[in-house]
Every structure is written in C-alpha cells, then in structure tokens.
Amino acid sequence: MTKKTIAQPPEKFTGIKETDIPHSAVGFKAVKSALTHMKDEVGIMKSIGLLAKLNQKDGYDCPGCAWPDPDEKRAFLAEYCENGAKAIAEEATKNRVSPLFFATHSIHELGLLSDYELGKKGRVTQPMYLREGATHYEPIEWDEAFQKIGKTLNGLSSPDEAIFYTSGRTSNEAAYLYQLFVRQYGTNNLPDCSNMCHESSGSALVETLGIGKGSVTLDDFKHTDLVIVMGQNPGTNHPRMLTALGETKQHGGKIISVNPLPEVGLKNFIDPQNPLKWLGSGMDLTDLFLQVKINGDVALLKAILILLHQKEKLHPGTVFDAEFIQKQTLGYEEFIKDLERYDLVDLVSQTGLSIAEIETAADMIAVNKKIIVCWAMGLTQHKNGVDNIREVVNLLLLMGSIGKQGAGTCPVRGHSNVQGDRTMGIYEKPSEGFLDALDAHFDFKSPRAHGYDVVDAIEAMHQGKATFFLGMGGNFISATPDTEVTAEALRNCDLTVHISTKINRSHLIHGKEALILPCLGRTEKDIQASGEQFVSVENSMGVVSKSVGHLEPLSDYLMSETAIVAGIASATLQNSNVDWTAMAGNYDLIRDAIEATIPGFENFNERVRIPGGFYLPNNARENDFTKTYTGKANFTINQLSDIVLQKDQYLMMTIRTHDQYNTTIYGLDDRYRGILNERRVVFMNQDDMNAAGLKLHDLVDLVSHFEGQERRAEQFLVIPYSIPRQCTATYFPETNVLVPLQSKARISNTPTSKTVVITVHKRE
C-alpha cells in the first residue's frame, strides 16, 4: 500500500532575511521583479511576445485577478501588474512534468516538497493515472481516462455522491459546458472557489440590492468624491487597482483605508506605466488610515453611522439622501431604531481606534455624496461576514451612493473569471429561472435540490456520503480550511480527478485512484475541429470579453478544458441529447446556448468579437432594485462580532505574501512587509510580544481553539509588526490547518479564515 502523503509538508526554514518596509508600491522595483521572473521561467524573447498580448484587446486575459481593463485606450507598455506577469511566467514556463518525472518521483517524495518547490517543477504534459495502492503516477490515454471517470460516475448509487468543484480561472465556455454536464448527470453539487471568498458579498448584495455583483465601473473612480477601501491589500492582490485609486486622487477625490495592517500599496504608489515617474517620490493615496482590529468592521461602521445620524438630526436633509431613502428603500425606520440602541463608546472600544479617528471618517463621509466602497476577504471571511457587507450597503443607502456615476459597491474579486463562472451557472443553489431555461433549451429535467458548497462537500466526503471528486482547476487541498480534515475527506473517495496545468499538492492527496488531466493554458492556441477558438471571461465589473492565446501548446497531449468536459460527458451520459463533440469543436455553439439560456447575452457571438467586449446588465448600477425580495433596496440590521478572547488568546487572520497569488507561490519574499526568504512567520504586536515574553525570531507553535477542539501548526518565527493588540497575521496555506471547518459565516457558509482564535506557545 502507498504511504499516506502528509497534507502539509514538513516544517523547514529557508533563512529569513528582513529589510526596511518600502515607502512606495509598484514602480521600477515591481517592473524589475516581474521581468526577472519572466526571464528565469520563460526567457527574454518569449517574454516580450507574451507581455505584449497580456490584457490587450486582441490578446489574452490575465489568468490572475479579475480587475478590469480600461474600456478605451490601453497602455502598450504594461497593461498588467507584477503578479500578472508572474502568473503568465508560471503558465508559460519552460519546465515540464513528464511521465518520466512521475516515474522517478514517488507521491510520498513529492509530498515532502513545499508548495513553492512543487510549483517550480513545471507544466504537466500528459494525462496521468494513479492505480489503487500504487506509489507512482503513470501515463494513461485520454479515452481510457474518460471511460474510467464515466464508469465510476455511473456506478454510484446516486449522482449526489459526486462532487464537481470549479476554480475561478475556468472560461465562460468551459464553465457553462461543465455545469450542463453535471446537471444532466443529475446533481447540483457544484461548489466553487467563490464559496470560500466572496460568497458573503453575493449573499448580502442579492438581499439588499438584488444582484450579487458590484455596481461600479472602472470609469466611476474618476468621478467619485470618496473611496473607502476595507479589508483589502490591492498593492499585492490587485496592483492595477492602484492606478484607479491614483485617478481618484488626480480628480480631487479622497481615500479612506480600513485594515488591521498598514499596506504599502495604499500609502504611496509609483505608476509603472510611466517610466518618467519611476525615480520620483510617487503619489500618496490614503488620506485617512483606520487601523481597525480584526473583525472590528461592523463596530466601526455602526460608530460612523451613529455619528452621521447625529449630524443629520442636527441639520436635517444635509447629510442623508432623504429623497433616495424614501423612494428607493425599505427598512429605514427599523434600521435607525436598532442603531440608536448602541452605545458609541462601547462600539469605539471594539474597533481599537480612537473616537477622534472615527469622527474624522464620519466628517469625510458626511460632506461627500458620491462614495465607492471597495472590499475583499478582510470583510467576508468572518462569522458575521454577511453582516459586514450589509452594513456597508446601509452606509451607501443612507448617502444615496448607489446607482449614480462615481458611487456604489465594489467587491474586488480574485481569480480572473470567478464572477463569470457564477454567471454561467456554477452554483450549488441555482435559481428556478435558470434551470427552467436549461430544461427548455436542452429538453431535459434539471435536478432541483440544492447541492453541496465547499464546506458541505468536504463534510460529505469526510462522512462517506460522496466518493467521487472532480476539480476543474485550482488546488483544492491548499485552498480549503482545516487541512487535515480535508485531506481525510479526499482520501475517502474512490476516485479523485484534477484538471490542471501544473502539478500541485491536490494531486498528492488523493482517493483510492486518481487522475491528472492536463489542459491548455490561457496563453496557448486552442485548435478544435472548426479551427482556432477563443474563449470569453467576465471581469469583476461585469465586462465580458474574449481571450485568445497565441503560443503553441507545450505538448501534443494537452486538451482544452472545454474538450475535456465534453469527453467526460460523452463517456458518462448514455442518453444525452447534447452533441458534446460538436460543442467542443466549435465554441460558437456553446455561446449560442449561453445566449438562449442566460439573460444579458443577446447577440453574444457578435458582441464578444467587438474589441473590449460588452457590459452585462446591472440593476443596481441602473438604480433599479425591483429584483430584491421586497422590490426595493433594503436596509438591514446586523450583528457585531461575538468573539470574546481570553487573556492569552489572539485573533489570527490568514494573508498572502507579495510573491503569491491564491495558492500559487511565485517566490519566498514578501517585499512590501520587509520579510524575505521565509513564509513560516507570525506577525504580532510588540506589546503583546513583551507581555508574553517573546522576542524577535522566537520559535513558536500556533494552536487554534474552537468549540473545545484544538488544531496545531508547528514552528513559526515571531515577527513584531504594526498590528492591533490581540491580533496576529500568518500566511496561507501554511496555517489553513488552524481554520476549523465548522467555523463559518452565517448565511454564506464561508470559512472564517480571518477570525481564528489562537494561542501562541514558545518552543523550548
């Protein structure tokens, strides 16, 4: 029998180095870092061609984040960021993981490598199969792999015993075909990466505004009075957002940043698209930084709302938008009644801020009527994550800052097509209208019972209720919470299948049998029966555009995600009336089906060929709230954090390094936090360290506490940092093992990776 590969690699230290935290983000150092990475992975000449097409209207969409491209003129020099260039380098790398590699490296041996070391091995070149009890993967032909999947699926006693996961990089065409196959198979078990990040945003926004997407466009940043950035680090996670914030400043707007950590990118920014400014001092962005305690956001927002309400009572009609509230909203009186029961002093104490700082924020908000609020997982990954977003909406509704130029909601999404996947029907709780449209167009009966989200899927596999797992992209084991529990869940499966470009840890934590199905990347040409194809994606502001690769595929064995889905469907479904082969051979046919079943895609094949693409309808952007359950925009009553820490306990939040995008580790440096060549660190407040008798680089173990259960992550180096008392920060996936599977957000079921209760234990 094969050894059980550990879900986390052994602790190893690589020699930590520390530098001064830089004054500015981006600029020449970012350009140099990107080009160095490209040169090492791809080579100079190939890099030039790749970067020239990245995010251009005739090129391919970055496989990194979902931040939008300008509608009109795009920068020829660099319409991408440092991490976007690194993402392309990872995909177009010259390194190969061939059958010979797998023959000479056992699964156990590979499991001893870090995620960074695994990622540097390169692209998988052929389909690979792991037999039950085997120690090594071996090559398998595509048809045999498809037949094995089909036989397993058809052998299940119920379709609900199968899990079909999706990462955010999947194209619209592949995602649509995938959900169609899964629903024809007979289940809605379609968990996706949204379940772990912005599900709280979608839940809150659908309830309050009638659409689970943001309402602003990129152009709105030029017309806004005030941008509030909450729980987000754009300098690392969405660097091109800094350009939009810079335009806000250039047009006279103000910026408030709210975050437990000071982030360089929100302090000062050097435009990488203008070499003349590389040697300058950069542009200051944030006008007011509020260093809130972890999960103190609802308390902060309520304190601000109380101060605004006091101003409105003193000068009626000058602060709140009374006309908008009366005509467009419901629940105002109940909201105000609830707000008045809170004590301002008590709320302020929960934020870690001074009353003067909060009063300054309220003063800035009161005099500005065009407000954009941006947020990311610093707001969503809490037990009260949905409350966080609904309270943001309350603020915008009071100010009338929805449905007009320069104002609105801006949830900043992660992966480049994570929003498009959901639009295409990748969702475990599909609407009746969408299922009815599928049934009418394809002449079958879709399943109506809700399926498993990510947390539910892990629980089902762990309990033996699901025995098949298929992952369309992503790195499931490294992305999910409670690493050891998730590993046990995957090992309980009879067959695990991963559609991937590169080797990752999820290939090593497997079921009794396992398959790796290598697919084309965004940068590569996609040649099918009808000729060269393109795919489409949707960015975080609802623009659908085409993406077409131009590199020759690195291996003749690679298939597109769309062709892989069609192959699995053909091998599984015995009586399907869908011509899967035709769909895979001509993506226009898939887009015709999307047009016929999803509103907003009229004349899809024609409009997607227009350079730059087109906007999908957005009712909140149009000041139309009739899609909510009340037919109006809804005020809500929201809960504060209920976490009470003991004297020796801390709240831990997981974060990324600057050399990381989601679970992909590009390097070992966190340049903007001054930490180089090391990831096993815990950031702590210096006063907390003094009280606990801890010093710089002390070696500690981290133990999480949840409902009487303990989880342990060993050997971390203590780093003093600017962070509120009783708050700590660590990198994921190294500390995902500490995130309890059952600790999740109300309503959205999102894992609470930003509020983990821990103790810190010094090693002897």
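**Strand β25**

I began with a bridge: methionine 653 has alanine 729 of β32 as its partner. The model I am reading is predicted. I then took the two strands as a whole and found that β25 and β32 (residues 727-731) run parallel, joined by 5 bridges.

I looked next for another neighbour of β25 and found β33 (residues 756-762), paired with β25 in the antiparallel sense over 3 bridges. Here I noted leucine 651, whose bridge partner in β33 is valine 757.

How many of the 6 residues of β25 are buried? I counted 6 of the 6 in residues 650-655, so the strand is largely enclosed by the rest of the structure. I recalled that side chains in a regular strand alternate between the two faces of the sheet. I therefore sorted the residues by side: Tyr650, Met652 and Thr654 lie on one, Leu651, Met653 and Ile655 on the other, and with all of them buried both faces are covered.

**Helix α15**

I turned to α15 (residues 332-339) and listed Phe335, Ile336, Asp338 and Leu339 as buried. Looking down the helix axis, I found these buried residues within an arc of 160°, so they line one face of α15. An α-helix has 3.6 residues a turn, so residues three or four places apart point the same way.

Which exposed residues does the face turned away from the buried side carry? I noted Glu333 and Lys337 there. I also checked what the buried residues of α15 pack against, and recorded α13 (297-314) and α19 (385-398).

**Histidine 238**

I located histidine 238 in the loop that runs between α10 (234-237) and α11 (241-250).

I then listed its contacts, leaving out residues up to four places away in sequence. Histidine 238 touches Cys65, Gln232 and Asn233, and also Val412, Arg413 and Gly414.

**Largest pocket**

Last, I looked up the largest pocket, which holds about 1300 Å³ of space. I found 36 residues lining this pocket, and the closest to its centre are Val206, Ile211, Gly212, Lys213 and Arg422.

Which helices each supply at least two residues of the lining? I wrote down α9 (199-209), α20 (418-423) and α21 (432-442). I sorted the lining by class as well and got 16 polar, 12 nonpolar and 8 charged residues.

Notes
Residues are numbered from 1 along each chain as its sequence is written. This is a predicted model: local features need pLDDT of at least 70, side-chain atom pairs count only at pLDDT 80 or more; totals for chains, interfaces and linings use all residues. Side-chain values use heavy atoms; hydrogens and water are left out. On a 1 Å grid over the protein atoms alone, a cavity is a set of points where a 1.4 Å probe fits but cannot get out, and a pocket is an open set with protein on both sides within 12 Å along at least five of seven lines; lining residues have an atom within 4 Å of a point. Grid points are joined across faces, edges and corners, and a volume is the space filled by probe spheres set on the points. Helices (H or I, at least four residues) and strands (E, at least two) are DSSP runs, numbered from the N terminus. Ala, Val, Leu, Ile, Met, Phe, Trp, Tyr, Cys and Pro count as nonpolar, Asp, Glu, Lys and Arg as charged, and the others, Gly among them, as polar. Contact means heavy atoms within 4.5 Å. Buried means under 20% relative accessible area, exposed over 50%, partly exposed in between (1.4 Å probe, protein chains only). Two strands pair if DSSP finds at least two bridges between them. The arc is that of the directions from the helix axis to the C-beta atoms.
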